[in-house]
Amino acid sequence: MEKKPIIKRVLTVITLGLLLSLTIVGIASKTKADATSKAGVEVAYKPDMPNGADNFYKSNKVNKKKVSFKNQYNMEVVGNLFIPKDLKKNTKNPAIIVGHPMGAVKEQSANLYAQKMAERGFVTLSLDLSFWGESEGQPRNAVSPDIYAEDFSAAVDFLGTRSFVDKDRIGVLGICGSGSFAISAAKIDPRMQAIATVSMYDMGAANRNGLKHSQTLEQRKKILEEAAEQRYVEFTGDETKYTSGTVHELNENSTAIEREFYDFYRTSRGEYTPKGSSPELTTHPTLTSNVKFMNFYPFEDIETISPRPMLFIAGENAHSKEFSEDAYKLAGEPKELYIVPGAGHVDLYDRVNLIPFDKLESFFKENLKKK
């Protein structure tokens with residue numbers, strides 16, 4: 001009988017656009033997403049759906065086609081191509097690549113953004129990053145910032161060779177962790193003509209320092225030591241450990257950030273389990289690979305992206321706002337920091353009444369127009 005993988009957590013920091021809880025805990029069974037438990041008492045839980053939460057939106061104004069293509073490492077990347085129904089395919093059109101939050105898949109936030117932007121006249125492509133969703137990569141849920149960035153460049157390869165796409169008018173939109181991967185890609189791929197991020201996480205800084213530099217060097221070293229020791233375990237064929245991601249239950253001691261992510265990833269609002277995975281593993285990267293984020297510095301040399309324009313969108317109340325602010329300070333011109341009043345981090349994943357689609361439309365139309 002196949003052993004069930006054990007999900008482990010190490011200390012408490014925040015990362016990925018998901019809650020990074022790095023304390024060691026074994027998850028033995030699936031927790032019901034609609035309930036929380038404390039001292040044996042079940043409390044009914046209902047997702048917070050106001051403000052237009054619509055993660056699984058399906059547009060009747062665009063055509064959807066599943067596509068796949070190879071990145072430079074010969075790994076198959078899978079995505080959804082959205083084409084406006086009124087698009088003139090005998091002309092060259094602007095296109096936008098949309099990346100999902102770290103630990104998520106294209107069905108969570110990315111498809112929504114891609115469809116909404118396709119309704120506004122763009123060819124769009126939402127993709128599963130390697131090791132996640134339908135894209136290739138072993139082990140599953142592995143962390144590899146360089147390969148994630150490569151996936152964005154491979155998406156440019158794909159779009160730029162479509163007869164109805166203008167290869168000189170391709171932009172990228174990264175949500176949460178993908179914001180840092182899109183920036184990492186754009187630094188070395190000048191084909192990306194306009195770069196926008198929403199609720200961005202600097203995955204490197206989040207893992208090295210925690211939110212607001214709350215993690216000490218000693219805590220960081222403890223995480224590295226545990227991951228290093230776990231490599232021996234897995235090298236000799238024992239079980240894989242997983243870390244971070246979204247908690248599987250809430251109780252009276254749950255933090256506001258835990259509740260924020262739980263509300264999206266563990267309820268009908270945004271819960272999605274890709275084929276071949278399980279609810280116990282969704283959002284959780286492997287422990288031994290997650291430390292690779294500590295060598296990830298997406299904002300280093302971010303000014304070299306200039307004069308290509310950059311737009312950083314963050315919620316006024318987002319716990320992750322510091323990352324967009326840091327990127328904005330370091331970026332070259334032209335650049336803009338756009339703060340959404342009253343919005344938190346996860347609000348901008350799917351709340352269509354808060355997501356500034358008009359702002360995104362104007363940014364990409366202005367910066368992907370014919371020269």
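Start with the largest nonpolar core, which has 91 residues. Such a core is a set of buried Ala, Val, Leu, Ile, Met, Phe, Trp, Tyr and Cys residues joined through side-chain atoms within 4.5 Å. Buried means under 20% relative accessible area (1.4 Å probe, protein chains only). Select Tyr113, Leu159, Leu360 and Phe364: these have the most contacts inside the core. Then select helix α2, residues 145–160, which gives the most to this core, with 9 residues.

This is a predicted model: local features need pLDDT of at least 70, side-chain atom pairs count only at pLDDT 80 or more, and totals for chains, interfaces and linings use all residues. Residues are numbered from 1 along each chain as its sequence is written, and side-chain values use heavy atoms, without hydrogens and water.

Next, centre on Phe364. Leaving aside neighbours within four places in sequence, its contacts (heavy atoms within 4.5 Å) include Ile96, Met117, Phe122, Val172 and Lys369.

Now select strand β9, residues 123–127. Helices (H or I, at least four residues) and strands (E, at least two) are DSSP runs, numbered from the N terminus.

Strand β7 (residues 76–84) runs antiparallel to β9, joined by 4 bridges. There, Leu81 has Leu125 as its bridge partner. Strand β8 (residues 93–99) runs parallel to β9, with 5 bridges. Val98 stands opposite Ser126.

Note on methods. Buried < 20%, exposed > 50% of the residue type's maximum accessible area, 1.4 Å probe, protein only. Pairing = 2+ DSSP bridges.
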